[in-house]
Amino acid sequence: MIAQTIESDHDAGKEVFAVVGNAAQPAWDERAGEMEALVKLWEVHGVMLERAVLPRLDPAAGLDGLLDLNRRVAAMADDLAVRARRRHDADGRWLTDFEELKRLFDEQCLREDAELVPLIRDRAAPDAVAEMTRTARALRQPRAA
């Protein structure tokens with residue numbers, strides 16, 4: 001189940017890029033909303049990786065850098081959301097930076113699909129996978145007010 005959650009996050013993120021990439025221009029409100037959604041999704045994804053997944057995998061698996069890449073994606077999406085909310089692209093770099101964000105996002109997804117997901121599915125013990133899934137679900141549950 002945890003592997004499916006990871007893949008589901010990837011699909012949801014890809015949908016954000018499709019919506020923003022296909023939006024009628026200038027589409028600042030849509031860009032801001034979609035980037036805000038990506039920030040929230042990717043922050044939750046990072047917490048899930050950090051607290052539920054990576055601690056239960058062999059540190060020698062070579063997954064170094066995934067959390068840093070995750071943080072970079074979330075930070076860049078947040079920057080783009082702020083800039084889109086201002087409805088101003090003074091230096092004309094919003095779309096260029098959006099493309100760089102997409103490149104980083106794709107890089108993270110590719111690494112997770114090629115390295116992390118197969119490690120979980122093929123080499124992680126069933127009890128470890130179950131614990132990852134339980135912890136991830138608990139982390140992703142909305143907090144009661």
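Tutor: Contact here means heavy atoms within 4.5 Å. By that criterion, and not counting residues up to four places away in sequence, aspartate 9 touches Leu41, Trp42, His45, Met48 and Arg140. The model is a predicted one. Aspartate 9 is found in helix H1, and its relative accessible area is 3%. Because buried means under 20% relative accessible area, aspartate 9 counts as buried.

Some context for the chain as a whole comes next. The protein has 5 helices and 0 strands, so the pattern read along the sequence is α-α-α-α-α. Its C-alpha atoms fill a box of roughly 50 × 35 × 20 Å along the principal axes. Of the 145 residues, 41% are buried. Among contacts between residues at least 6 apart in sequence, 80% join residues at least 24 apart.

Now the packing of H1 against H4. Two packed helices are described by the angle between their axes and the distance between the axes. For H1 and H4 the angle is about 165° and the axes are 10 Å apart, which makes H1 roughly antiparallel to H4. The crossing of H1 and H4 is left-handed. On the H1 side, the residues that meet H4 include Ile2, Ile6, His10, Gly13, Lys14 and Phe17. On the H4 side, those that meet H1 include Trp94, Phe98, Leu101, Phe105, Leu116 and Val117. By class, the residues of this contact of H1 with H4 divide into 13 nonpolar, 4 polar and 6 charged.

Leaving aside its neighbours within four places in sequence, phenylalanine 105 is in contact with His10, Gly13, Lys14, Phe17, Leu38, Trp42 and Val73. Trp42 also touches aspartate 9.

In soluble globular proteins, nonpolar side chains tend to be buried together. The largest nonpolar core in this model has 24 residues, and the members that touch the most others are Met35, Leu38, Trp42, Trp94, Phe98, Leu101 and Phe105. The elements that give two or more residues to this core are helix H1 (2-21), H2, H3 and helix H4 (94-123). H3 gives the most, with 8 residues. A second, separate core of 20 residues includes Ile6, Leu66, Val117 and Ala128.

The axes of H2 (residues 28-53) and H3 (residues 66-85) come within 8 Å and cross at roughly 160°, which makes H2 roughly antiparallel to H3. The crossing of H2 and H3 is left-handed. The contact of H2 with H3 has 14 nonpolar, 3 polar and 7 charged residues.

Last, the end of the chain. Arginine 137 lies in helix H5 (residues 126-140). At 45% relative accessibility, arginine 137 counts as partly exposed, whereas aspartate 9 is buried. Arginine 137 and isoleucine 2 are 135 residues apart in sequence, and their C-alpha atoms are 8.9 Å apart in space.

Notes:
Residues numbered from 1 in each chain as written. Predicted model: local features only at pLDDT ≥ 70, side-chain atom pairs only at ≥ 80, totals over all residues. Heavy atoms only, no water. Axes fitted to C-alpha atoms, helices over the stretch in contact; angles between N-to-C directions. Helix = DSSP H or I, 4+ residues; strand = E, 2+ residues; numbered from the N terminus. Parallel < 35°, antiparallel > 145°, perpendicular 65-115°, else oblique. Left-handed = near helix turned anticlockwise from the far one by under 90°. Nonpolar A, V, L, I, M, F, W, Y, C, P; charged D, E, K, R; others polar. Core = buried A, V, L, I, M, F, W, Y, C linked by side-chain atoms within 4.5 Å. Buried < 20%, exposed > 50% of the residue type's maximum accessible area, 1.4 Å probe, protein only.
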